[in-house]
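Visitor: I have this one open in the viewer and would like to go through it with you. Could we start with a term you will need, and then move on to rings, pockets and domains?

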Amino acid sequence: MKLYCLSGHPTLPCNVLKFKSTTIMLDCGLDTTSVLNFLPLPLVHSPRLSKLPSWVSKDGTINLEKELKECAGRVFVDSQPEFCLPERELLDLSTVDVILVSNYHCMMALPYITEHTGFTGTVYATEPTLQIGRLLMEELVTFMERVPKAQSATCWKNKEIQRMLPGPLKDAVDVWTWKRSYSMQEVNSALSKVQLVGYSQKVELFGAVQVSPLSSGYSLGSSNWIIQSHHEKVSYVSGSSLLTTHPQPMDQSSLKNSDVLILTGLTQMPTANPDGMLGEFCSNLAMTIRAGGNVLVPCYSSGVIYDLLECLYQFIDNANLGTTPFYFISPVANSSLEFSQIFAEWLCHNKQSKVYLPEPPFPHAELIQTNKLKHYSSIHGDFSSEFRQPCVVFTGHPSLRFGDVVHFMELWGKSSLNTIIFTEPDFSYLDALAPYQPLAMKCVYCPIDTRLNFHQVSKLLKEVQPLHVVCPEQYTQPPQSQAHRSDLMLELHPPPMPYRRCSVLNLPFRRRYERVYILPELANSLVPSEIKPGVSLATVSAVLHSKDNKHTLQSVPKAPPAPPSKKRKRVPEEPPVLLGPKPLLSGAVPLEAFLATLQKHGITEVKVEETADGHILHLQAEDTLIQLEEDGTHIVCDNNEPLRTTLRDLVLRFLQRL
């Protein structure tokens, strides 16, 4: 069993598991942190960005004025943003049989895999994962296509040039593999390969293994996966949460008795309490609005935004913010808000019960009805005529490199009355703000990450007790910024097996058993014999038939009688002799009793030598060796067949025939 690791990002994993002749890809996350190296894509012409100076090396040898721009001491690529794809050279991805998707954030690289590698398999995901994943992909494509850039920067990727660039461009990994966004046509083609599954539904893969999704408690439809055969079990835990939020709670009991547990997608903010961050978010928002400023919240169009809106619903009236407009701007804003209300069976029990009242499970439905929350597909059209300040705007993208958020950064960045509140943990807020410096608006960092922290995952692993744990190497050591915090790492016994991008792990357990079925008529013919009290054995002669990884013992077919021949044959043909199987032997040959038996038969000169596996008896007068071992007895006797036969019969006296 092997694990190929194609992504270096612990919360955006992409691994391939080879298990019992099947090749299974576990998630295909897209590392979007690479876009932080690029200039933002403004929706309207930005004089500030267009006037940024070109970067030239200190000695003047490198001048890529059309590709690299400098802003506040940082260098950015002036081109369409590109993404860091999962590794595609480590193994032939056309051999992947299935892709298992754990949540909608971990499927963003799907079109790159299914459309450009010769993939012909099936993708398995839950319905909310598919539908919300489609929205996020559609939003990404729209953000990119509505602000196209003519030039494509490639010279800076030259290894010799990249080595001379300032950080973080200098340290960027595998820049030649970075790719621009896919098209909507590729998205639709990729998602047509998805087959929907429900929690605890068992899916057979070629008769070899069975896969089943379990609720992971992180987002709508998010899953952990069980991959098992009759005698082995692998659990894949990715992006899980034990907190009480809107999704169904995590199914922990099904993870028990795993041979291997592959662990990814822990919280990126182990020291930040989500409840505390929500409180800080609300108080900073209220302070800014009361001072007459605007609040900008860069966010994804699904996920944490549902919890933010629910928190604000309870907070608005208490904080006297009832007249403040809240805007949600995204190409898929309407679909996202509607989907969250219709996936009732994927919600926690509390929200499910509201559907039968009937009430909308999320309170943002009421915010929309009372006109406190308005949603728009972009800043153009209705929004521009209905927009009033001070207000709160939720929009994407959290990287601040593309989407409507770029326009609001240019619009509000010069005033210290305004505040930007970061809630998504995927991007460093300092790196996100770098191309907008100098910036007057206030910045508040309230990362809300509900995924498992190290304390919770240690407790979980004690309960489910897997034999082996495999995890990204980042989880086996404290963060660099907090090297003294040993509580911010996994400390297990035995230690977890770490992996990094491009590593191949031989998972530490061997398959020992295989299930074989026996046909009733063959079972009926068996004659068991008792070898010791309570234990019976029977020999079986059969044909092993294997198809679709299912093995069956069938009766040996009888040879058909030869058809009568019209021609006269000189020599009558004899039918082939079918030899019966040799009898199986059980038991052990006791050394002292065997030596006494040899002596009775006139063999007295015996030298006994002890070995690791048993004993060697050297019959010196007869120049013969007898090896007595646990699983066999060997008689080495040259050119003396009568003696060999005698010795064999003496050995057989101590063994039982089956």
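Guide: This is a predicted model, and the term to settle is "buried", which here means under 20% relative accessible area.

Visitor: Fine. Are Tyr199 and Trp346 buried or exposed?

Guide: Tyr199 is buried, and Trp346 is buried as well. These two residues form an aromatic pair of the edge-to-face kind, with 5.0 Å centre to centre and 75° between the planes. The pair links distant parts of the chain, since Tyr199 sits in the loop between β8 (194–196) and β9 (203–205), while Trp346 sits in the loop between α8 (333–342) and α9, 147 residues apart.

Visitor: How many aromatic pairs does the structure hold?

Guide: There are 19 aromatic pairs in the structure. Another of them joins Phe408 and Trp412, which is tilted, with 5.0 Å centre to centre and 50° between the planes. Both residues belong to helix α12 (residues 405–412) and are 4 residues apart, about one turn of the helix.

Visitor: Why does Phe408 count as buried?

Guide: Phe408 counts as buried because its relative accessibility is 1%, and the cut-off is under 20%. Trp412, with a relative accessible area of 3%, is buried too. Ring pairs also link Phe408 and Trp412 with Tyr327, Tyr376, Phe383 and Phe387 into a cluster.

Visitor: Switching to pockets: where does the largest pocket lie?

Guide: It lies between domain 1 (2–267 + 451–506) and domain 2 (274–445), because both domains give residues to its lining. The largest pocket holds about 1600 Å³ of space and is lined by 41 residues, with Gly8, His9, Pro10, Gln268 and Gln474 nearest its centre.

Visitor: And what is the make-up of that lining?

Guide: The lining of the largest pocket divides into 17 nonpolar, 15 polar and 9 charged residues.

Visitor: What about the second largest pocket?

Guide: The second largest pocket holds about 570 Å³ of space, and of the 28 residues that line it, Leu243, Thr244, Thr245, Asp275 and Leu278 are the closest to its centre. Among the elements, α7 gives the most to this lining, with 5 residues. The lining of the second largest pocket draws at least three residues from each of domain 1 and domain 2, and it divides into 10 nonpolar, 11 polar and 7 charged residues.

Visitor: Last one: which domains is the protein divided into?

Guide: Besides domain 1 and domain 2, the protein has domain 3 (585–657), and 86 Å separate the centres of domain 2 and domain 3, taken over C-alpha atoms.

Notes:
Residues are numbered from 1 along each chain as its sequence is written. This is a predicted model: local features need pLDDT of at least 70, side-chain atom pairs count only at pLDDT 80 or more; totals for chains, interfaces and linings use all residues. Side-chain values use heavy atoms; hydrogens and water are left out. On a 1 Å grid over the protein atoms alone, a cavity is a set of points where a 1.4 Å probe fits but cannot get out, and a pocket is an open set with protein on both sides within 12 Å along at least five of seven lines; lining residues have an atom within 4 Å of a point. Grid points are joined across faces, edges and corners, and a volume is the space filled by probe spheres set on the points. Ala, Val, Leu, Ile, Met, Phe, Trp, Tyr, Cys and Pro count as nonpolar, Asp, Glu, Lys and Arg as charged, and the others, Gly among them, as polar. Domain bounds come from an automatic or database domain assignment. Helices (H or I, at least four residues) and strands (E, at least two) are DSSP runs, numbered from the N terminus. Rings of Phe, Tyr and Trp (its six-membered ring) pair if their centres lie within 6.5 Å; planes under 30 degrees apart count as stacked, over 60 as edge-to-face and the rest as tilted. Buried means under 20% relative accessible area, exposed over 50%, partly exposed in between (1.4 Å probe, protein chains only).
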